[in-house]
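Visitor: Please take a close look at one part of this model for me. I would like the place where the two parts of the chain meet.

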Amino acid sequence: MKRKALFIINPISGGKKKDGVPELIKDTIDAGIIEPVIAFSDGVAHARVIASEAIGKFDIVVAVGGDGTVNEVASAIVDTDTSLGIVPFGSGNGLSRFLGIPMDTRDAIKNLASGRTEIIDSARINGQPFFNMAGMGFDAHISEIFSHGKKRGFISYIKSSIKEVVGYQPQNYHLDIDGKKYDYKAFMLSIANSSQYGNNVHISPKASLQDGLLDVCVIKPFPLWRFPEMSMRMLIKATESSKYVEIIRGKQILIKREHAGPIHLDGEPQVAGTGIDINILPKSLKVIVGPSFKN
């Protein structure tokens, strides 16, 4: 049976022009399997509005953009029978990479016709959905700075990180994970549903999207001269063997921190208070995965 798919294109994600994407979709899609309709978002949260209106009218809603666009679309269709499709077009594409979706635009469009659908976990932080990664501390600080920059992409992110790491001060955190208490002074806390931030930078290599658990990754303060080593560990999936990294898995996470400040949800920054409430929503999102996906 032919399926109807709504493609929601974020025209500014990843700093990449997408003028030719509608034609590419029409030229590439298998029209015998998928009937495409195309829409453009035009501001913050607009993709979520469009996706909400598509429920019950389309079988698939496709996010054409980065992790932020994916978050907006998925937030609208979570806990429905509508499937999420992704055509990666962001700076990091963390969830897309974890799901094995091709990074080549034409191949990602072709992949939608495969119909290989998995049901994955999602999560909420202070009531707001995320699907790949949330966090606070240094990575949230960088996300906030990066969001105001004119240049996007991995290299710009690395440059911002190197510039800011020198003066960044760790914070004290009190964690309650499924009723068990922990106290840490941490450089950053990452709450991982998948293993990676994006660009194959893995904070929790054993994370799973289908285990009903979140990985709380505590990055403890480390000497500045070890910053390149810590970065390399993420690239070679070796964070868990570092004495500066501790990973605790759980379903319900309560965090108290010293100061209000930035947090991020799938790379998109916002400001939150000192109390953070996070929980997992098992098997809550249908998504079309790529050929290499193994969970």
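Guide: Start with the area. Domain 1 and domain 2 bury about 1400 Å² between them, and carbon and sulfur atoms give 60% of that. The size of an interface is often given as the accessible area lost when the parts come together. Keep in mind that this is a predicted model.

Now the side of domain 1 that touches domain 2. Two elements give two or more residues to that side: helix H3 (67–77) and helix H4 (94–98). H3 gives the most, with 5 residues. By class, this side of domain 1 holds 5 nonpolar, 9 polar and 3 charged residues.

Next, the polar terms. Between domain 1 and domain 2 the count of salt bridges is 0. Polar contacts do occur: 4 residue pairs make them across the interface, with both residues at pLDDT 80 or more.

Step back to the layout. Domain 1 covers residues 3–115, and domain 2 covers 128–283. In the contact, domain 1 takes part with 17 residues and domain 2 with 19. The centres of the two domains, taken over C-alpha atoms, lie 26 Å apart.

One more detail, from the strands. E16 (residues 261–265) and E17 (residues 268–272) pair in the antiparallel sense, over 5 bridges. His264 stands opposite Pro269 in E17. The hairpin of E16 and E17 has 2 residues between the strands. In that hairpin, Asp266 takes a positive phi near 50 degrees.

Key:
Residues are numbered from 1 along each chain as its sequence is written. This is a predicted model: local features need pLDDT of at least 70, side-chain atom pairs count only at pLDDT 80 or more; totals for chains, interfaces and linings use all residues. Side-chain values use heavy atoms; hydrogens and water are left out. Domain bounds come from an automatic or database domain assignment. Contact means heavy atoms within 4.5 Å. Buried area is the accessible area (1.4 Å probe) that two parts lose on being put together, summed over both. A salt bridge is a side-chain nitrogen of Lys or Arg within 4 Å of a carboxyl oxygen of Asp or Glu. A polar contact is a pair of N or O atoms within 3.5 Å; within protein, one must be able to donate a hydrogen and the other to accept it, and residues adjacent in sequence count only if both atoms are side-chain atoms. Helices (H or I, at least four residues) and strands (E, at least two) are DSSP runs, numbered from the N terminus. Ala, Val, Leu, Ile, Met, Phe, Trp, Tyr, Cys and Pro count as nonpolar, Asp, Glu, Lys and Arg as charged, and the others, Gly among them, as polar. Two strands pair if DSSP finds at least two bridges between them.
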